[in-house]
Each structure stands twice: as C-alpha cells, then as structure tokens.
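Grab a viewer and let's work through a few exercises on rings and helices. Each one has a task, then a stepwise solution.

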Amino acid sequence: MKFTVLYGTESGNSELIAEDLGAKLRETELDVEVHDLQDVDPADLTPERFYLVVCSTHGDGDLPNTAIPFAEAFDAALPDLTGLHYAMFGLGDTFYEATYSQGSEHIDRRFTAQGAVRVGEYGRHDASSWDLGSDLALEWLPGVLEVASEPAAA
C-alpha cells in the first residue's frame, strides 16, 4: 500500500505528528510520503494512495494557515475523490468546546462530499489533556491500518 500523510498546521504540532506517523509507516512500508497541505494540489489526490490527514484547529474552529490554500484550491476544483480512502486525526482544545477539532472536520467534510471514504476511528488530540499528540496518533495508527487493509477499504 502507498501512503501519504498530509498535515495542516499553525504552530507545527500537526507537522510533528505527521512526521512521526510517516517514520512509523516507513518501518514496514516502502512508499510513504509526508506533505504539508499547502504544497498539495487537490487534483493530485489519487485512489492509488491511502491518505492520513493530520490537521489542527486555529482561531474560532478554523483551518490552520497551511491548510487554507489547499481548501481554497479544493473548493475551486472540487476533485472527484471516488475510490479514495483516508483516515483523519484532528487537533484541538476541548476548552473551546464548540469548536474543538473543527479544523480537521473542514477537510473531512470536503473529502466525503467529493466521494472519498474515511476509514477507521476518527483520531483526535485534546491540547487540554496531558497526552502527547504523537503518542495518541501512534496508538491510533494500528487500528487505522487494520481497517485500511480490509478488502472493502483497499
């Protein structure tokens, strides 16, 4: 399976988590890429790869700065994502209950609206907890990989 880990970040936390997920995947997989969403053309998303998206939340439940150009390009192109499978890991702070982890949900809604299928549990990190985002993401990853390897998701 070919993997691409995409991240949208404001302060670098999502990037660190994405890099840790990429490093973990590279222990067993040969084709693993990690990219900042601002460097990705939505038209290049392909069902040939499995995507893990790590995205933080900024401001009042908004996308982080590096995800904004991707979202704008996505909305302009509305790519057909039929056959594309992905997993989502969102970052936020439950102190801001109404907007917790909304940054990732902006991307999630776009992907599903265009035909992509999210697999596995929706991973989340709460900045108000004592948990480290990478620790939670690395615990979340095996469950996602198990579901992703099932024939219906492949």
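**Exercise 1.** Are phenylalanine 95 and tyrosine 96 buried or exposed? Then classify their ring pair.

*Solution.* Keep in mind that this is a predicted model. Start with accessibility: exposed takes over 50% relative accessible area, and both phenylalanine 95 and tyrosine 96 are exposed. For the geometry, the planes of these two rings stand at 90 degrees with centres 5.1 Å apart, so the pair is edge-to-face.

**Exercise 2.** Count the aromatic pairs, then work out the geometry and setting of phenylalanine 70 and phenylalanine 74.

*Solution.* Pairing requires ring centres within 6.5 Å, and the count comes to seven aromatic pairs. For phenylalanine 70 and phenylalanine 74, the centres are 5.9 Å apart and the planes are at 45 degrees, so this pair is tilted. Finally, widen the view: ring pairs join Phe70 and Phe74 with Tyr86 and Phe111 in a cluster.

**Exercise 3.** Describe how helix H1 (residues 13-26) packs with helix H4 (residues 133-148).

*Solution.* First, get the axes: they are 9 Å apart, at an angle of about 45 degrees. That makes H1 oblique to H4. Next, the handedness: H1 and H4 have a right-handed crossing. Last, list contacts: H1 residues including Leu16, Ile17 and Leu21 meet H4 residues, among them Ala137, Leu138 and Trp140.

Note on methods: Residues are numbered from 1 along each chain as its sequence is written. This is a predicted model: local features need pLDDT of at least 70, side-chain atom pairs count only at pLDDT 80 or more; totals for chains, interfaces and linings use all residues. Side-chain values use heavy atoms; hydrogens and water are left out. Rings of Phe, Tyr and Trp (its six-membered ring) pair if their centres lie within 6.5 Å; planes under 30 degrees apart count as stacked, over 60 as edge-to-face and the rest as tilted. Buried means under 20% relative accessible area, exposed over 50%, partly exposed in between (1.4 Å probe, protein chains only). Axes are lines fitted to C-alpha atoms, for helices over the stretch in contact, and angles run from 0 to 180 degrees between N-to-C directions. Helices (H or I, at least four residues) and strands (E, at least two) are DSSP runs, numbered from the N terminus. Angles under 35 degrees count as roughly parallel, over 145 as roughly antiparallel, 65 to 115 as roughly perpendicular and the rest as oblique. A crossing is left-handed if the near helix is turned anticlockwise from the far one by less than a right angle, and right-handed if clockwise. Contact means heavy atoms within 4.5 Å.
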